[in-house]
Amino acid sequence: MSVKSIVTLVLLIIAGALVFDAVFIVHERERALLLHFGEAVRVYGDDDAGLHFKWPIAEEVRRFDGRILTVDTAAQRYFTLEKKPLLVDLFVKWRVGDVQKYYTATSGEELRAMARIEDRVNEGLRNQIGRRDMHEVISGERDMLMNELTAQLDDVMSEEFGVEVIDIRVKRIDLPDEVSDAVFDRMNSEREIEARQYRATGQELAIGIRADADRQSIVIVAEANRESEKIRGDGDAMAAEIYANAYGQDPEFYSFYRSINAYRTVFEDGSAMLVIDPSSEFFRFLKEEQP
């Protein structure tokens, strides 16, 4: 192979490399910055996707992710207005806004930008929570707190780092373990006191119900006894009246009938012993001859 051919081949390779270096593609999900000897000369945004050209060697293209990214922060301890600690776990949605400012502030390093966002979020959240009590942080003004923090952080990060903060959301808010144990013990004590109050109230009601039941039982028994005595008295009166009527109709037969019943009662078991005058009226019907 001749020297001329070798030189020609080398020149073609160099020309191909220069042409390849002069062409670049910006994707829809990307944002790019064109540097001319390290100086930013052009920004490629959302509307600049496609094929572009640059000066080989003299110009360089730096690409950045233009999609919405997430910073998932670790749970941090914050103190409320009453100096009560809270563990807050949250995440931040962000994306590159001003490409040139973002490159200048972070050298295009995504991890550095995420670290700056996390620092500013912790600082802003600490200030926001420090102005509110626990109820406001957990439920009362939680949405307002997040909206204020998002707007505040977006202004700061856009101005200093060219980053748009789209949203900040809390995943969970917990009490530290030592505080949770104290709260649990207090709640347990309160529930125990409430339970004792319910038991005392129930016992008081039970005593009242039993007393009323006993009173009603006594009244019912007394009324039943009174009614039974009345019925028994009426029965005795009717029996006496029947006996009197019967005696009045035939006194002699009634006297005989009573004597016979008396004999049967006395001599029924055969072991009775009487010490009595034989001429007594008791044996009148045993001695008299009956017609």
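**Contacts, strands and rings in a predicted model**

Threonine 73 touches Asp89, Leu90 and Glu118, leaving aside residues up to four places away in sequence. The model is a predicted one.

User: Where does threonine 73 lie, and is threonine 73 buried or exposed?
Analyst: Threonine 73 sits in the loop between strand E6 (69–72) and E7. Its relative accessibility is 4%, and the cut-off for buried is under 20%. Threonine 73 therefore counts as buried.

User: How many Å apart in space are threonine 73 and valine 92, C-alpha to C-alpha?
Analyst: In sequence, threonine 73 and valine 92 are 19 residues apart. In space, the distance from C-alpha to C-alpha is 7.9 Å.

User: Which residue in the hairpin of E7 and E8 takes a positive phi?
Analyst: The hairpin has five residues between the strands. A positive phi near 65 degrees is taken there by lysine 83.

User: In what order do the three strands of the open sheet come, and which are the edge strands?
Analyst: The order is E3-E2-E5, with antiparallel pairing. From one strand to the next, the twist averages 25 degrees. Two strands each pair on one side only, and these edge strands are strand E3 (39–44) and E5.

User: How many bridges join E2 and E5, and what is the bridge partner of alanine 32?
Analyst: Strand E2 (residues 30–36) pairs with E5 in the antiparallel sense over seven bridges. For alanine 32, the bridge partner in E5 is arginine 63.

User: Which helix lies across E2, E3 and E5, and at what angle to E2?
Analyst: The helix lying across E2, E3 and E5 is H2. Relative to E2, H2 runs at about 70 degrees.

User: What kind of aromatic pair do phenylalanine 64 and tyrosine 102 form?
Analyst: The count of aromatic pairs comes to two. For phenylalanine 64 and tyrosine 102, the rings are 5.6 Å apart centre to centre, with 85 degrees between the planes. Planes over 60 degrees apart count as edge-to-face, so the pair is edge-to-face.

User: Which parts does the pair of phenylalanine 64 and tyrosine 102 tie together, and how many residues apart are they in sequence?
Analyst: Phenylalanine 64 belongs to strand E5 (residues 59–65), and tyrosine 102 belongs to helix H2 (residues 99–106). Phenylalanine 64 is buried at 5% relative accessibility, and tyrosine 102 is buried with a relative accessible area of 3%. The pair thus ties strand E5 to helix H2, parts that in sequence are 38 residues apart.

User: What kind of pair do phenylalanine 64 and tyrosine 103 form, and which residues make up the aromatic cluster?
Analyst: The centres of phenylalanine 64 and tyrosine 103 are 6.2 Å apart and the planes are at 50 degrees, which makes a tilted pair. This pair also links distant parts of the chain, 39 residues apart, with phenylalanine 64 in strand E5 and tyrosine 103 in helix H2. The one aromatic cluster is formed by Phe64, Tyr102 and Tyr103.

User: What distance does helix H5 reach from its first C-alpha to its last?
Analyst: Helix H5 (residues 142–161) has 20 residues. At 1.5 Å a residue, 28 Å is expected. The reach of H5 is close to that, at 27 Å.

User: Why do the buried residues of H5 lie on the same side, and which residues are exposed on the other?
Analyst: The buried residues are Leu145, Met146, Leu149, Thr150, Leu153, Met157 and Phe161. They lie on the same side of H5 because they cover an arc of only 125 degrees around the axis. Exposed on the other side are Asp155 and Glu159.

Conventions: Residues are numbered from 1 along each chain as its sequence is written. This is a predicted model: local features need pLDDT of at least 70, side-chain atom pairs count only at pLDDT 80 or more; totals for chains, interfaces and linings use all residues. Side-chain values use heavy atoms; hydrogens and water are left out. Helices (H or I, at least four residues) and strands (E, at least two) are DSSP runs, numbered from the N terminus. The expected span of a helix is 1.5 Å times one less than its number of residues. Buried means under 20% relative accessible area, exposed over 50%, partly exposed in between (1.4 Å probe, protein chains only). The arc is that of the directions from the helix axis to the C-beta atoms. Rings of Phe, Tyr and Trp (its six-membered ring) pair if their centres lie within 6.5 Å; planes under 30 degrees apart count as stacked, over 60 as edge-to-face and the rest as tilted. Two strands pair if DSSP finds at least two bridges between them. Axes are lines fitted to C-alpha atoms, for helices over the stretch in contact, and angles run from 0 to 180 degrees between N-to-C directions. Contact means heavy atoms within 4.5 Å.
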